[in-house]
Amino acid sequence: MSSQTPTNWMPVASADYTNLEELGYVTLNIRIEGDVPAKRRFVYTWKSSNGTEHGQTDPQRLASFNFLPPHDGRFFLNADVTDGVGITRSAGMWVKIGDVAEDDFKRPPIPDDSAQTVIDVDDVSMIFNMASEQYNSLKEYFIALAHHELSFKEFRALDHVSFEVKRGEAFGLVGTNGSGKSTMLKIIAGVLEASEGTCTVTGSIAPLIELGAGFDMDLTARENIYLNGSLLGYRKEFIDEHLADIVEFAELKDFMDMPLKNYSSGMVARIAFAIATVAEPDILIVDETLSVGDFLFQQKCMRRIQELIGSGNVTVLLVSHSIEMVEAMCDRVCWIEKGHQRMIGPTDDVCAAYRNLGL
Amino acid sequence: MQTETKEIQPDGQSAWYPERQKSLYILRQLVTRDFKLKYRRSFLGVLWSVLNPLLMMVVMAAVFSTMMRFSSDSIPSYPLYIILGNVTFSLMSDSTSQGMRSIIDAASLLKKVRIKRWVFPLEKVLFAIVNFAFSLIAVLIVMLAVGVHPTWTALLLPVFLAYVGMFCIGLSLLLASLAVFFRDVIHLWSVVLTAWTYATPLFYPAEILPAWMLSLERFNPMYHFVNYARTLLLYQQVPSAMLNAACAFCGVAMLAIGILVFRKTEHRFILYI
């Protein structure tokens with residue numbers, strides 16, 4: 001180990017379009033912020049916005065990549081930067097080549113005030129008693145009681161957070177790890193009671209149930225679909241009717257009667273997503289569960305989510321600490337940091353501010 | 001404050017069940033799951049539900065009637081006496097030890113989806129009752145084998161199940177709540193169950209107990225329940241009003257305590273699971 005802190009660095013991507021007109025390529029430049037590591041290797045990947053085309057370079061030392069687009073459209077350029085001790089960090093961005101129809105990449109419009117509010121978070125605070133988290137056995141509890149150590153250190157996971165989400169919006173909730181996103185999500189889902197303030201939700205909520213929660217590894221995919229469907233509150237007849245749709249979306253045709261333990265985690269995520277979106281829920285909660293799927297499947301999910309948003313009835317709540325997906329889909333974003341509501345507003349404004357956090 | 005959820009579409013043809021039906025359907029799905037998992041990949045499958053109490057009875061009857069020389073003139077058939085005690089007791093011990101863990105096991109689900117929390121302990125009791133129903137086949141086999149033919153008193157079994165069911169649901173709700181806050185309960189309960197097995201006249205005649213212990217049995221709910229089952233199927237009489245009252249009291253009281261504790265504590269479960 002070297003004496004410095006070699007981990008304190010971060011790649012930042014920027015695009016240079018100056019050679020696009022004459023030479024036909026876009027340059028992705030990677031700048032390293034912080035303590036620049038002595039050894040650096042760059043692996044560049046690209047993919048088109050519909051995910052059908054993609055490519056990858058060999059590891060190289062150059063901190064820039066000339067991308068020759070196969071056609072007009074939107075492409076995501078990404079760089080994985082690895083330092084001498086094997087730490088890899090990524091930076092990437094979307095580039096636009098030629099005239100691209102805007103609907104290729106759409107966010108729902110920001111609704112006006114008259115639209116129906118489906119999620120109303122009003123001055124919500126969540127306070128955990130640290131003491132209550134610590135005692136897992138009677139012995140520990142009574143020892144603490146005898147020593148008068150039953151102190152109640154307060155920890156505010158959420159501090160006066162307020163926002164409203166209107167019908168038909170795709171609302172993003174961003175924040176770094178431990179910022180309170182998940183706590184907020186649990187309060188909205190109705191499984192955790194807020195300590196202060198009120199949260200009102202109008203309509204049905206469909207979460208993506210992850211591996212190990214509503215799935216049983218020993219049951220087959222078919223049995224799991226019914227189990228999971230029942231947990232989401234679907235009628236049996238409804239599942240019967242839509243079984244084929246779920247199977248088709250999750251691409252499981254030949255695996256229906258295989259126990260789930262033989263499936264990859266990505267396949268399970270596909271089933272979870274297919275079940276949650278087979279009906280038009282009033283509110284769809286999309287969280288990190290989706291990130292286990294490969295990018296082709298993520299594209300498919302994005303399209304389905306956009307279809308749902310396009311129907312005008314479904315509201316999507318997207319929770320993530322990576323902002324690429326949020327940027328691509330959401331019209332408005334709320335940024336929570338250490339329990340405080342740092343910023344709320346149109347996606348571009350909030351994401352720009354959030355990006356600057358790491359710099 | 002609890003998040004308030006408003007329903008939008010009460011029309012009959014929606015994709016979702018209303019709240020009450022949803023819980024019922026979940027219960028059914030979970031019982032089906034447990035049932036499938038219990039016998040999946042076993043050669044004899046569901047037959048084990050019948051074989052298991054039968055084999056247990058054979059072992060116990062062999063051990064206790066030949067080695068310990070337990071027998072009594074008041075017991076028309078010792079094997080039937082044992083199997084009735086065993087299946088009744090394992091209905092209670094299965095449902096409570098499973099029900100106790102049910103909330104902890106459903107942790108990842110309860111953190112994400114809004115489901116009635118009582119569904120999980122209740123499901124385990126229902127599953128134990130389904131198993132009990134299968135073990136009744138074993139009881140019937142023993143009855144026919146030893147020449148005690150069932151009479152119309154067997155028709156009172158649903159009453160018996162109602163008493164025991166209430167008791168098991170109450171106890172499971174209570175233990176499930178306690179286990180969430182103190183995991184010690186899980187370890188302690190297996191010891192309690194073992195002690196309870198010996199404290200209840202399951203494989204020995206009640207008469208061998210000294211008078212003071214016999215008088216203590218009044219406070220053992222399982223003593224009453226086991227008595228009730230034996231009255232119906234072994235002695236083939238209508239249980240006395242006293243026995244009915246004792247069983248009903250145990251069932252209702254336990255259910256009330258369980259519901260009370262569960263409702264008081266359930267909103268804090270998520271902080272501990």
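**Figure 1. Salt bridge between B:Lys36 and A:Glu223 in the predicted model.** B:Lys36 and A:Glu223 form a salt bridge across the two chains, and their closest N and O atoms are 3.2 Å apart. The structure shown is a predicted model. Between chain A and chain B the count of salt bridges is 4. Residue pairs in polar contact between chain A and chain B, both partners being at pLDDT 80 or more, number 8. On the side of chain A that touches chain B, at least two residues each come from α2 (130-134), α3 (138-146), α4 (181-189), β11 (196-202), α5 (221-232) and α6 (236-250). By residue class, that side of chain A comprises 27 nonpolar, 17 polar and 16 charged residues.

**Figure 2. The interface of chain A with chain B.** Contacts between the chains involve 60 residues of chain A and 43 residues of chain B. The size of an interface is often expressed as the accessible area lost when the parts come together. For chain A and chain B the buried area is about 4,400 Å², and carbon and sulfur atoms give 56% of this area. Within chain A, the residues that lose the most area to chain B are A:Val191, A:Glu193 and A:Arg235, which together account for 16% of what that side buries.

Figure 3. Strand β11 of chain A is joined by 3 bridges to strand β1 of chain B (residues 4-6), and the two strands run parallel. In this pairing, A:Thr200 stands opposite B:Glu4 of β1(B).

Figure 4. A:Asn224 lies in helix α5 of chain A. Is this residue buried or exposed? A:Asn224 counts as buried because its relative accessibility is 0%, below the 20% cut-off. Its side chain reaches the backbone oxygen of A:Leu219 at 3.3 Å. When neighbours within four places in sequence are left aside, the residues in contact with A:Asn224 are A:Gly214, A:Phe215, A:Asp216, A:Leu219 and A:Leu260.

For the chain as a whole, 51% of the 359 residues of chain A count as buried. Chain A contains 10 helices and 16 strands. Of the contacts in chain A between residues at least 6 apart in sequence, 67% join residues at least 24 apart.

Figure 5. A:His160 is not a glycine, yet its phi is positive, near 50°. This residue is placed in strand β9 (residues 154-166) of chain A. With a relative accessible area of 41%, A:His160 is partly exposed. A:Lys338, likewise not a glycine, has a positive phi of about 50°. The position of A:Lys338 is in the loop between β15 (332-337) and β16 (340-346) of chain A. A:Lys338 is classed as exposed because its relative accessible area is 65%, over the 50% cut-off.

Figure 6. B:Leu271 is partly exposed, since its relative accessible area of 24% falls between the cut-offs of 20% and 50%. Along the chain, B:Leu271 and B:Lys111 are 160 residues apart, and their C-alpha atoms are separated by 9.4 Å.

Terms used
Residues are numbered from 1 along each chain as its sequence is written. Chains are lettered from A and ligands numbered from 1 in the order in which they are written. This is a predicted model: local features need pLDDT of at least 70, side-chain atom pairs count only at pLDDT 80 or more; totals for chains, interfaces and linings use all residues. Side-chain values use heavy atoms; hydrogens and water are left out. Contact means heavy atoms within 4.5 Å. Buried area is the accessible area (1.4 Å probe) that two parts lose on being put together, summed over both. A salt bridge is a side-chain nitrogen of Lys or Arg within 4 Å of a carboxyl oxygen of Asp or Glu. A polar contact is a pair of N or O atoms within 3.5 Å; within protein, one must be able to donate a hydrogen and the other to accept it, and residues adjacent in sequence count only if both atoms are side-chain atoms. Helices (H or I, at least four residues) and strands (E, at least two) are DSSP runs, numbered from the N terminus. Ala, Val, Leu, Ile, Met, Phe, Trp, Tyr, Cys and Pro count as nonpolar, Asp, Glu, Lys and Arg as charged, and the others, Gly among them, as polar. Two strands pair if DSSP finds at least two bridges between them. Buried means under 20% relative accessible area, exposed over 50%, partly exposed in between (1.4 Å probe, protein chains only).
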